Amino acid sequence: MANFIRVVHRQGWDVEQVGEERKRSFPTRDEAMAFATGEEPDWIEVGEVVYETPEVPQHHRWSTLRRRPDGTYQETGLKWGGKPAPR
């Protein structure tokens, strides 16, 4: 069981098992998150692209999920990088 997984939007969605030097890529966020949660880590850090605007350059907005005793994941208050891009 991995303790910490990072899911980050780059050219697709990468899933990195931190400390294990393993990375897999998926075409969609849903596929990446399904793989990540299936690994049952204690924590999942999610990085989504916030696209460039006249006010700010393109960057990632990060949020952190923690595994609950029932196996589901809940957002924590750990967030940084600004507001999400409108969808």
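The model is predicted, so local features need pLDDT of at least 70 and side-chain atom pairs count only at pLDDT 80 or more, while totals for chains, interfaces and linings use all residues. Residues are numbered from 1 along each chain as its sequence is written, and side-chain values use heavy atoms, leaving out hydrogens and water.

Strands here are DSSP runs of E with at least two residues, numbered from the N terminus, and two of them pair if DSSP finds at least two bridges between them. Strand 2 (residues 13-17) and strand 3 (residues 22-26) run antiparallel and are joined by 5 bridges. Together they make a hairpin with 4 residues between the strands, and Gly19 in the turn has a positive phi of about 85°.

Phe26 leads us to the rings. Rings of Phe, Tyr and Trp (its six-membered ring) pair if their centres lie within 6.5 Å; planes under 30 degrees apart are stacked, over 60 edge-to-face, and the rest tilted. The structure holds 1 aromatic pair. Its members, Phe26 and Phe35, have ring centres 5.4 Å apart and planes at 35°, so the pair is tilted. Phe26 is buried, at 13% relative accessible area (buried means under 20%, exposed over 50% and partly exposed in between, using a 1.4 Å probe and protein chains only).

Which contacts do opposite charges make? A salt bridge is a side-chain nitrogen of Lys or Arg within 4 Å of a carboxyl oxygen of Asp or Glu, and the whole structure has 10 of them. In one, the closest N and O atoms of Glu16 and Arg6 are 3.2 Å apart. Glu16 lies in strand 2 and Arg6 in strand 1 (residues 4-9), so this pair ties together parts 10 residues apart in sequence. Glu16 is buried at 14%, whereas Arg6 is partly exposed at 22%. Glu16 also meets Arg10 in a salt bridge (2.7 Å, N to O).

Asp14 and Lys23 form another salt bridge, at 3.8 Å from N to O. Here Asp14 is buried at 7%, but Lys23 is exposed at 52%. Salt bridges that share partners join Arg6, Arg10, Asp14, Glu16, Lys23 and Glu45 into one network.
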